[in-house]
Amino acid sequence: MKTDKKEIAALLLAELKVYINSGFDHRFSHFDHLGNEDLYLSLHDKADIKAVASLFEKHTGRVITITPYVVDNGFEIAYHFDVRGVVLTVTLLTEDGTVDSITPNLKSADWAEREMQDLFNIKLIGHPNPDRLILDEKMAKGIFKEYMTLSDAMTGAATNTLWEQINEAKGEQNG
Amino acid sequence: MGETYKVPVGPIHIALEEPVYFKVTVHGETVEHVDILSGFVHRGMEALVLRRNFLQNMIITERTCSLCSNNHPFTYIMAVEKIAGVKIPPRAEYLRVIADEVKRAASHLFNVSMLAHLVGFHSLMTQTMETREVLQDVKESIWGNRMDLGANTIGGVKYDLDKEQIRYLIKQLNSIKKPIRELAAIYRDNRIVRARTEGVGVLSKEDTLRLGVVGPTARGSGVNNDIRLIYPYAAYDKLDWDVVLEDGCDVRARALVRLREVFQAINLVEQCLKALPDGPVKTKGFPRIPKGEGVARTEAPRGELFFYVKSDGSSKPERMKWRVPTYLNWEALKVMMPGNKIADISVIFNSIDPCISCTER
């Protein structure tokens, strides 16, 4: 079992180098004493996620889930795949908030992609069933992106005003 | 009879414990198509956990749902331990399995008892629940709660077993073996149960793989995806056990997988109690969680549960995402239901052991 996963991981990395046009970074691997192998990769070009999905489809792999999160210049999206027992986390950056759907290749991505569309307003290109999944039609899309807690608002974190005043006062003190 | 009708089931419906919306298209009595809408009780837990520290999130994740409540903090904790490079003591590895398998046995018995209820076999339902009650007692006696065990912590477990508790656990597990054997025979052979479950809600092996279906739902279609085997954790690699598989691909096969896994769970607990190593149950102190990311997964009663945790080195996670077993199994209902009768909808629905509470993190 231990050797198997190491071999599968090495094979997948070699194949990804052929499949992915614009290259990727192999950020790190986590290998434990029980023989489990987790790989963490970053794509240089978001369009290559289709190629990744097509390779994993060939291996009868599946999407475990997808984790989008907000970064300064857009969104990072981490796709988690299971390919023959190896867990691969493949991350991409989308600056314009659009990404190709991989559901046509891997049906297991269907709900995870629609959830990301509902909660982060990430636009899916080519999803076969892009209907709302979680949010009611009446609610604005991207609620996770917009959400601010009451406690944040009450501590003045909703705007820059408080910090501007503090910095101004500091400046006066410092002459 | 020749016309096609749309029948809404839910979001609030007498047959549903929790809200979900099925748009069922029927031709006469036969289901033609199903569409599913969820999100009626979405709780935004993934946003909430970013406002709490790593310790507080052990408590929050345990509240995701009740039946697989042990697996949520368990899996979350393993992801955090990977980031922090924590290796737990051997005794804790076995204690983690014991808590999890007791929960699995109780969860599976609950599901099959609901099956008995839905096919109108009420005495079978009450007897199954009565037997399950022994496990509820065990949970309350050892962990202090009937559902949320609070068994795991970062670096090990929060409980230990002394000799008296081990004797009690063995005695209680022995006491339910005969009743479960008798109940399993009824689920397997009774004419009424068979008539309502055999050939109902068929999911082929190919569709199971295509949809990424997990847990006993997949194993009832002959797909071996038991995370305890394919991605071992805790002490599972040190125990003697085989994955339970059935090839009926129907409601009956899924129920038989769960019933066989109840026996397996009891056996795994017994093996753990025999092999329980001495020593501490957790690492000393509480580790600092550095910047990094980690994934972990376990085999919850309903199937693979996955956690992704990303840390920026502060006391709170930067991002957390978890994928519950039911989440992938919903789409399978669209394959299982067409061709069956309206009366079978609830039986098929129950056969994926659905958890809306989990789905609506």
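Which residues does Gln264(B) touch, not counting residues up to four places away in sequence? In this predicted model, they are Arg228(B), Trp241(B), Asp242(B), Val243(B) and Val244(B). The briefing below begins with the contact between chain A and chain B, to which chain A contributes 40 residues and chain B 42 residues.

**The interface of chain A and chain B**

- Chain A and chain B bury about 3,500 Å² between them, and carbon and sulfur atoms account for 56% of that area.
- Leu34(A), Arg62(A) and Trp111(A) supply 19% of the area that chain A buries against chain B, more than any other three residues.
- The interface holds 6 salt bridges, and one of the salt bridges in the model joins Glu331(B) to Lys107(A), with the closest N and O atoms 3.1 Å apart.
- On the side of chain A that touches chain B, two or more residues come from each of strand 1 (24-31), strand 2 (37-43), strand 3 (62-71), strand 4 (74-83), strand 5 (86-94) and helix 3 (110-120) of chain A.
- Strand 3 of chain A gives the largest share of this side, 8 residues.
- By class, the side of chain A that touches chain B is made up of 18 nonpolar, 11 polar and 11 charged residues.

**Chain A and its helix 3**

- Chain A has 6 helices and 7 strands, which follow the pattern α-β-β-α-β-β-β-β-α-β-α-α-α along the sequence.
- Of the 175 residues in chain A, 49% are buried.
- Among the contacts in chain A with a separation of 6 or more, 49% are between residues 24 or more positions apart.
- Helix 3 of chain A is largely enclosed by the rest of the structure, because 11 of its 11 residues are buried.
- The buried residues of helix 3 of chain A include Trp111(A), Glu115(A), Asp118(A) and Leu119(A).
- Asn121(A), which follows helix 3 of chain A, has a positive phi, near 60 degrees.

**Two buried residues**

- Ile134(A) lies in the loop between strand 7 (123-125) and helix 4 (143-146) of chain A.
- With a relative accessible area of 5%, Ile134(A) is buried.
- Leaving aside residues up to four places away in sequence, Ile134(A) touches Glu115(A), Asp118(A) and Leu119(A) in chain A, together with Ser38(B), Gly39(B) and His42(B) in chain B.
- Ile134(A) and Asn36(A) are 98 residues apart in sequence, and their C-alpha atoms are 33 Å apart in space.
- Gln264(B) is placed in helix 11 of chain B and is buried, its relative accessible area being 9%.
- A polar atom of the side chain of Gln264(B) lies 2.5 Å from the backbone oxygen of Asp242(B).

**Salt bridges within the chains**

- Over all chains, the whole structure contains 40 salt bridges.
- In chain A, the side chains of Asp96(A) and Lys46(A) form a salt bridge, with an N to O distance of 2.8 Å.
- This pair links distant parts of the chain, 50 residues apart: Asp96(A) is in the loop between strand 5 and strand 6 (98-100) of chain A, and Lys46(A) is in the loop between strand 2 and helix 2 (49-58) of chain A.
- Asp96(A) is exposed, at a relative accessible area of 52%, whereas Lys46(A) is partly exposed, at 23%.
- In chain B, Lys321(B) and Glu46(B) form a salt bridge whose closest N and O atoms are 3.8 Å apart.
- Because Lys321(B) lies in strand 8 (residues 317-323) of chain B and Glu46(B) in helix 1 (residues 45-48) of chain B, the pair ties together parts that are 275 residues apart in sequence.
- Lys321(B) is buried, at 4% relative accessibility, and Glu46(B) is buried, at 3%.
- Arg188(B) and Asp189(B) meet in a salt bridge of 3.7 Å, N to O; Arg188(B) is partly exposed, at 36% relative accessibility, and Asp189(B) is partly exposed, at 46%.
- Salt bridges that share partners join Asp100(B), Glu101(B), Arg104(B), Arg219(B), Asp226(B), Arg228(B), Glu261(B) and Glu299(B) into one network.

**Confidence in chain B**

- Chain B has a mean pLDDT of 90, with 98% of its residues at 70 or more.

Terms used
Residues numbered from 1 in each chain as written. Chains lettered and ligands numbered in written order. Predicted model: local features only at pLDDT ≥ 70, side-chain atom pairs only at ≥ 80, totals over all residues. Heavy atoms only, no water. Contact = heavy atoms within 4.5 Å. Buried area = accessible area lost by both parts, 1.4 Å probe. Salt bridge = Lys/Arg side-chain N within 4 Å of Asp/Glu carboxyl O. Helix = DSSP H or I, 4+ residues; strand = E, 2+ residues; numbered from the N terminus. Nonpolar A, V, L, I, M, F, W, Y, C, P; charged D, E, K, R; others polar. pLDDT = per-residue confidence, 0-100. Buried < 20%, exposed > 50% of the residue type's maximum accessible area, 1.4 Å probe, protein only. Polar contact = N/O pair within 3.5 Å; in protein donor to acceptor, adjacent residues only side chain to side chain.
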